[in-house]
Amino acid sequence: MGNSRSVSYFRLKSKWRAWKTLWAGIKPCFFYTYNGVTCITMRTDRPWGWYETIEEGHRYKVKNIEIKPGEGISKQFHYHRSEHWVIVNGTALVEMDDNQFMVYENESTFVPLGKIHKVRNPGKIPLRIVEVQVGSYLGEDDITRLEDDYGNTCNTIICIKKAGF
């Protein structure tokens, strides 16, 4: 009898280790209710802040984005989507092609498909953006980075052009 208890204990301990390892790789989820429907969002941390997908459907995706003070996203463009940004909190310094302009709380801007863009938070409070993506493909791999402050790899052809080769 003592032997069977120790076997059960070790089985439980081993299962607990497996679950602990599995849960360690899972990011926190946030639950909320909208129009009587319970939704789950998963927050993805980045060096510049975080984002979470609020809703996703055929040819559109809605994200909640927060950019830390003094930080910003990479200079980039997309082949398959355009983006609408609504500033919910803070002030955004937006760069599109060679133009820079400020977008303030309760204002919005449109990033057309293929347009080179970057957004920074020049303020002292977190910048909160609601982003609506529209296009034929909305995957995270439809990002072609031209410049990156955080060590992400940028598009090889463009990096070679920038280096003068």
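**Strands, core and pocket**

Mentor: Strands E6 and E11 pair in the antiparallel sense, with 8 bridges between them; strands are DSSP runs of E with at least two residues, numbered from the N terminus, and two strands pair if DSSP finds at least two bridges between them. This is a predicted model, in which local features need pLDDT of at least 70 and side-chain atom pairs count only at pLDDT 80 or more, while totals for chains, interfaces and linings use all residues. Residues are numbered from 1 along each chain as its sequence is written, and side-chain values use heavy atoms, leaving out hydrogens and water.

Trainee: Which residue stands opposite Glu-131 in E11?

Mentor: Trp-85 stands opposite Glu-131. E11 also runs antiparallel to E4, joined by 8 bridges, and there Tyr-60 has Val-134 of E11 as its bridge partner.

Trainee: Which residues of E11 form the covered face, and which the uncovered one?

Mentor: Leu-127, Ile-129, Glu-131, Gln-133 and Gly-135 form the covered face, whereas Arg-128, Val-130, Val-132 and Val-134 form the uncovered face. Buried means under 20% relative accessible area, with a 1.4 Å probe and protein chains only. E9 pairs with E6 in the antiparallel sense over 4 bridges, and Glu-83 stands opposite Val-111.

Trainee: How should I read a nonpolar core?

Mentor: In soluble globular proteins, nonpolar side chains tend to be buried together. A nonpolar core is a set of buried Ala, Val, Leu, Ile, Met, Phe, Trp, Tyr and Cys residues joined through side-chain atoms within 4.5 Å. Here the largest such core has 15 residues, and Val-119 and Leu-127 are among those with the most contacts inside it. E4, E6, strand E7 (92-96) and E11 each give two or more residues to this core, and E7 gives the largest share, 3 residues.

Trainee: What is Val-119 in contact with, leaving aside its neighbours within four places in sequence?

Mentor: Its contacts include Ile-67, Trp-85, Val-94 and Ile-129, where contact means heavy atoms within 4.5 Å.

Trainee: How many residues of each kind are in the lining of the largest pocket?

Mentor: The lining divides into 9 nonpolar, 6 polar and 7 charged residues.

Terms used:
Nonpolar A, V, L, I, M, F, W, Y, C, P; charged D, E, K, R; others polar. Buried < 20%, exposed > 50% of the residue type's maximum accessible area, 1.4 Å probe, protein only.
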